[in-house]
Structure formats: C-alpha cells, structure tokens
Amino acid sequence: MSAPAMGTTKTAPNDGSHKKKKGPGTLATAYLVIYNVVMTAGWLVIAVGLVRAYLARGSYHGLYYSIEKPLKFFQTGALLEILHCAVGIVPSSVVLTGFQVMSRVFLTWAVTHSVREVQSEDSVLLFVVAWTITEIIRYSFYTFSLLNHLPYLIKWARYTFFIVLYPMGVTGELLTIYAALPYVQKTGLYSVTLPNKYNFSFDYYTFLILTMVSYIPLFPQLYFHMLRQRKKVLGHVEEYTKVE
Amino acid sequence: RLKKERERETDRERQREGRNMDTLALEKAVVFFEVEILDAKTKDKLCFLDKVRPTSTKLCAACYPQWYPARQSIRLDPKGKSLKDEDVLQHLPVGTTATFYFRDLGAQISWVTVFLTEYAGPLLIYLMFYFRVPFIYPPKYDFTTSKHWVVHLACMCHSFHYVKRLLETLFVHRFSHGTMPLRNIFKNCTYYWGFAAWMAYYINHPLYTPPTYGEQQVKMALIIFLFCQIGNFSIHIALRNLRPPGSKTRKIPYPTKNPFTWIFLLVSCPNYTYELGSWLGFTLMTQCLPVAFFTLVGFIQMTVWAKAKHRSYLKEFRDYPPLRSPILPFVL
C-alpha cells in the first residue's frame, strides 16, 4: 500500500483499528463518491439493458450488441481507478489495480471488440453477466463505505457473490479468447513479422495462448486471497455476535 | 653489581605486577552485558546470554546454528532498522540487560555469486544465437554467420560489455553487503538471461535488417558505446578508490584527474548515466526494438536506484553538493 490509509479500505475491515487514519480529504471523498455512484449507475444500465434485450428477443444469443456501447464506456472508465491509486486518494497498490483493470480492458477491446466473429458467442454473455453483477456490488460497496454507512448486506454480497461470479467470469473469458484464436491466426491480427526495419516480431496468436496459460497460476491465487479476505471481514462479525 | 641485578629484578617484577594490576583494573572496568534475544514477530524468547563482552552483535550463531550470521537481522525495535555488523554493545542505547529482536532474513547468497551468474548467462546466450546453434532458427541456417558486418560488431560489443562486468565483479567492486536474499538470483537471472535471449534472437536472425543510415549510424553508435564503457569503468574505479580494502566506509565521490569522472559535478550516480548511454549506443547500432525495450527497462530500474542513493547521500552528508541530480544532469 503506497498511500496513507483511507477511513475505510477496499479489503481490510475498520473494526478493531485504533490507529488514527488520514482520510483522502473532503474534496477527494466527494469526487470518489460521485465516481462510484456514476459507475454503479452505469453498470445498472448495462444490467437493465441485458434484461430488456433478453425479454425482447426471447433468447440469450447475441445480447452483447445491446449493451456494447455502455460496456465499453464504463469498463474503460475504470482506468481512472489506476489514477486514483497513483495520486493516493485510494489506498490500493497501483500495480495490482493496474493489472486488474488492464486485463478487463484487454478483454473488452483487444479480444471482443477486435475479433467480430467472437461477439455472438455465448461465452461473451457469461463474462459480461459476471462482470455486471460484480461491478454493481463493488461500486455500491465503495459508495457506502465512503459515506460511512455500509449496509451489512452489501458487504456480505461483495465477499460472497464472488465465489460463483469469479469462476463464471474466468470461464467466459477463457472461452472467448479460445474462440478468437482461429480468426487471429488466419488474419494475422495485431501481428508483426520479420523482416522489418525495427527488427521486431510479435505473434498475437501465441500471445493469446500465453495469456490463457497465465490464468492457471493467477486465478487460484486471487480466488484464495478473496476467500481469506472473506473469512477476515465476515468472520469478525460472527465473533462479535457470539460475544454479545 | 648484585644490587643492580636485584634492582632490575624488582623493576621487572613491578612492571609485571603493574601490567597485572592494569589487566585487573580493565577486567573490573569491563561491564558485562546480559542479552536476551526475542523473535521480532512472535516475541518468543529465542536465547539468553549472560556475561557478554561489549563487542559486536551477531551473537545467535551459537544458539541456533542454522541461522548463520548473514541471515540474521538483529534490531533494537521489532519494527526498526537492523543493526550493523560493526555495532558494539557498549555504544548502543541499552542498559546492562539488553533486549534484541531477531528476524530471519531467509536464505542468503553472496553478491559476487549473483553477479557472476547473472552476467555469465548473457555472455554465453548471446554467443549461442550469434553462432546460430541448432533449434533456434530454421535448420538451413545452423552454424552459419550473418552477412552484415554490424552483426559481428554488435556481438563484439555485447560480449565486451559482459566480460567487463565479470572482471569488475571479480577485481574492482567493493561490496557493502556480503549477501542478498536467495530468491534474488532467480529474479535477476530471469531478467538478464531473458532479455539477452530476446535481443540476440533478432540481431542474429537471418532476416535481420541493418540500420537505416548504414555505416554512418553504426560508427556514431560505436563511438557513443565505447565512450560510455570507458566512462562507466572510470566511475567504478573512482568509487573503488573511495574505500580502502576491506572497509565499509562511505564518502562523497568527487571528480578526479580522469575527465570521465568530471560528470560527478552534475550527477550522483554517473555509473548509471554511462550505462544508459552504452545501451542507447547499442540500440542505435543494432536498430532493434527489443534492445530499446531493454534500455528503457534498465533505465527505469537505474533511476529508482539512483534516486535512492542520492537521497541517502543527502541524508548522510550535510555538505553534499547541491548541484547534483541523481542520474541525468539537471533533469532527473
């Protein structure tokens, strides 16, 4: 953690901490509240869009097109969160946040947007739904935390829904990348071959395969980290109720 | 005569007695310390030593032999800074019963070992690509050589650079710390060996394209490279001469008679400045994007190190020259 701790943090609970914590300042707090409210609203728009499109069409197929624009807008907007960490108004690591946001942006633009043939795949719906539910809960969690009025339900949801949503999202992402592979190989998308005057080459097809492989070490680590956080955050409350 | 002899004998006896008296007095003057050592995290009592002479710390080797001194971190406060090897019990702000906190630094490896391993790799790996050892390029190119003379020049420069580093590690550098954590060798070798392979692959590729501005560009690049190699070496020698052999003293480095050291007027860590220059030269010489990446990443890392060194110079020396920047004159 590079920045001074906020009144509330993303992962650690407030309870039991007697240290004086420097907040991000009233202006920064106001900005962050607005940011998180806007993001919550944005992902709600996507959620509503998905439901309406499903009801209108009567099938799961091709729902991506109905929410393509807001998805791109709000997912890309999350890049601001890297800035928040860098500036210090949010006490998370720039590297960790950067990594998380970039992987989302990568999937949105460099895979789903770039490879048109993949957009009608059902796997896209799988990760879009996972992301939507996760983000609605996450951004409302931050909003309430900043206002120091966090309903237990939101906290519980944040540390519980991921158990299903995280694997669901990862499955959708992997299947989508896998579906994109043949088209990337055929068209040589984003690839550079020798000879060229900068003596450089890049094979996007191989890069995508390596990306998929990287999920193997990364996903379990992040998943178990969240499980441990869950025990820490939700476990405390159980102890207090027992004592009372 | 007998009288003189007896006088001499009593003199000698008195001298001996005097010396004994002195040592007795010293023994009395020595205050023995009692030392207890606690684990910094769990606060468990690890060992208790009484009658400790007021000499250096690094005491725990006796109690727990698997924690050899290099991996011991002993401190006055569990969250504080580690004490140094040279610190003496007498001069520490402790009473006669001292409590220290112990932290295991993990398996350690010597700096020299790490440097030799991480530099030998690129030297050999690059040569494997240069000689087009099988299984790298299509089989028809096995053991062939490039038709471009800049490729031969690049191999000589790259090899020279790493041979220089190896020799400096063995004969020039005087290290402050003996060891570093073992996991560093894996991290460092991945970095150096990985980048070396990536660069060498393209430079020695059968489809390599020589620089756009041909001989002019390569000659300019070579001049920059050599200038910076000499500069870097000069700085290493100057830094070595600041420190007498076997000591760990720290002094402000100043320009010497060697013009390559005059850059000390403007920069705290000119060894990094020259290193950047060398790799910029190599990038220009090979006109290879992976080399540019390597230069950039190295520059970022060296800037981090230079800023830290600069800060520690400022902290340690009140009279540190204010004109100096960490790595780039006036800029960074």
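Predicted model: local features only at pLDDT ≥ 70, side-chain atom pairs only at ≥ 80, totals over all residues.

Colleague: How many residues of chain A are in contact with chain B?

Modeller: Eight, against 13 residues of chain B, with contact meaning heavy atoms within 4.5 Å.

Colleague: And what area do the two chains bury between them?

Modeller: About 910 Å², with 60% of it on carbon and sulfur atoms. Buried area is the accessible area (1.4 Å probe) lost by two parts on being put together, summed over both. On the chain A side, A:L194, A:N199 and A:F200 lose the most, together 58% of what that side buries.

Colleague: How many salt bridges across the interface?

Modeller: Zero by the rule, which asks for a side-chain nitrogen of Lys or Arg within 4 Å of a carboxyl oxygen of Asp or Glu.

Colleague: Back to A:F200. Which aromatic pair does A:F200 form?

Modeller: A:F200 pairs with B:Y202, 6.4 Å centre to centre and 35° between the planes, which makes the pair tilted. The rule takes rings of Phe, Tyr and Trp (its six-membered ring) with centres within 6.5 Å; planes under 30 degrees apart are stacked, over 60 edge-to-face, and the rest tilted.

Colleague: Why does that pair join two chains?

Modeller: Because A:F200 lies in the loop between α7 (162–187) and α8 (204–243) of chain A, and B:Y202 in helix α4 (residues 183–203) of chain B. Helices (H or I, at least four residues) and strands (E, at least two) are DSSP runs, numbered from the N terminus.

Colleague: Are A:F200 and B:Y202 buried or exposed?

Modeller: Both are buried, that is, under 20% relative accessible area (1.4 Å probe, protein chains only), where exposed is over 50% and partly exposed is in between.

Colleague: Different topic. What is in chain B?

Modeller: Seven helices and six strands, in the order α-β-β-β-β-β-α-α-β-α-α-α-α. Of its 332 residues, 42% count as buried.

Colleague: Where is B:T145?

Modeller: B:T145 sits in the loop between α2 (111–130) and α3 (149–171) of chain B.

How values were computed: Residues numbered from 1 in each chain as written. Chains lettered and ligands numbered in written order. Heavy atoms only, no water.
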